[in-house]
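Visitor: I have a model open and I'd like to learn how to read a few of its features. Could you walk me through them?

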Amino acid sequence: MIVKLVVLSNAVSFFGKDLAKDDQFMISALAYVEETLICAEIVRLLPNFIAPIVGGIMALRLKAHQVVFDTLLPVAQQRCQERDNKLLGQEVPYHADCIQWIMETSPKQNPWTAKRVVHELMAIWFGSVHALSTTITFAIHDLCLHPEYILPLREELLSGYQEFENTSVGLPLLDSFIKESARLTPVESMSTRRSALVPFTLSDGTRLQVNEWACTPVRAIMSDPRTYPAPLEFHGFRFASVEIVEKAGAYFQCLQAKPSKFTDLDSTFHVWGTGRMACPGRYYATAVIKVIMGQIIMNYNLKLANDDAPRWFTWRSSILPRSNTMVVFSSLEA
């Protein structure tokens, strides 16, 4: 359910209104994410000499990616034509979607072709749907496990959601809750993957040879007691300011030395990556998460069907929600 919600929420921003209304395209856009996850993990386990062959065979049998590509290509071609017309001084339509953002941020001296634009869009689409749906699912689980947070979050949303919808700012308690959930259950336990192109020595003396990889241990960093007091305990308002937390109730604690936002980049919080390669879409992603979480909290009570059910499993470096962990939603109007 959450994956479908994210797909529908993302569609207009990524593809524009027309394609978002195309039911057949949207079915393929969802299937593309699921098929890519399966194919990628299978190929990653294979030896290099056979991986391209198996990957090619799987691609022939799984058609969603081709449907998405073939549908998006003429749209990208039209946008490229509009880009060229604009350089000639002609009036062109304004598009507020991810296709246009990719084109406007591509190299000016050597603009990307329509095919390159579509490939970039499909890659961002996959990453967005997978990461957002996983993050939201774990946050919903945490709401069920810590129901004491529902009332103050609902009160904040009822008084501040409209302003957030208009300005994309506000809702500090919800922001902190999402960040704490992501700290304890990040989508990936490792980040900032880098491959050595030449022999390289890190500052601590560790040597990397060509084609060897280095990464940051995200989950370990975000469980370090030197940075996070009570690191293995869930404190949903950990990252909010003391003044705001005190208004929420005496039960809640603000454990960090200073408040921070979910979108902040920090050497102790690597959910978005690090440095100049950090996720540029983190503000959009955070807004989508808040919209979906906000609508759920304002309109539903929720609980786990089984409080003791295992919530996730790990596959390589990924931390994924279990599909059989059921959440019961009951409407507040019922």
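Visitor: Which helix gives the largest share of the lining of the second largest pocket?

Guide: Keep in mind that this is a predicted model. That share comes from H5, with five residues. Helix H5 (64-87) and helix H6 (98-105) are the elements that give two or more residues to this lining.

Visitor: How much space lies in that second largest pocket, and which residues are the closest to its centre?

Guide: The second largest pocket holds about 390 Å³ of space. It's lined by 16 residues, and Arg 83, Lys 86, Gln 100, Met 103 and Glu 104 are the closest to its centre. Sorted by class, the lining has seven nonpolar, three polar and six charged residues.

Visitor: Now for aromatic pairs. What describes a pair of aromatic rings?

Guide: The distance of the centres and the angle of the planes. A search of the whole structure turns up 17 aromatic pairs. Take Phe 15 and Trp 125: the ring centres are 4.7 Å apart and the planes sit at 50°, so this pair is tilted. Phe 15 belongs to helix H1 (residues 2-15) and Trp 125 to helix H7 (residues 114-145), so the pair ties together parts 110 residues apart in sequence.

Visitor: And helix packing? At what angle do H8 and H9 pack?

Guide: Helix H8 (residues 150-167) packs on helix H9 (residues 172-184) at about 135°, with the axes 8 Å apart. That angle makes H8 oblique to H9. On the H8 side you'll find Pro 152, Leu 153, Glu 156 and Leu 157, which meet Pro 172, Leu 173, Leu 174 and Phe 177 in H9. By class, this contact has seven nonpolar, no polar and one charged residues.

Technical notes. Residues are numbered from 1 along each chain as its sequence is written. This is a predicted model: local features need pLDDT of at least 70, side-chain atom pairs count only at pLDDT 80 or more; totals for chains, interfaces and linings use all residues. Side-chain values use heavy atoms; hydrogens and water are left out. Axes are lines fitted to C-alpha atoms, for helices over the stretch in contact, and angles run from 0 to 180 degrees between N-to-C directions. Helices (H or I, at least four residues) and strands (E, at least two) are DSSP runs, numbered from the N terminus. Angles under 35 degrees count as roughly parallel, over 145 as roughly antiparallel, 65 to 115 as roughly perpendicular and the rest as oblique. Contact means heavy atoms within 4.5 Å. Ala, Val, Leu, Ile, Met, Phe, Trp, Tyr, Cys and Pro count as nonpolar, Asp, Glu, Lys and Arg as charged, and the others, Gly among them, as polar. On a 1 Å grid over the protein atoms alone, a cavity is a set of points where a 1.4 Å probe fits but cannot get out, and a pocket is an open set with protein on both sides within 12 Å along at least five of seven lines; lining residues have an atom within 4 Å of a point. Grid points are joined across faces, edges and corners, and a volume is the space filled by probe spheres set on the points. Rings of Phe, Tyr and Trp (its six-membered ring) pair if their centres lie within 6.5 Å; planes under 30 degrees apart count as stacked, over 60 as edge-to-face and the rest as tilted.
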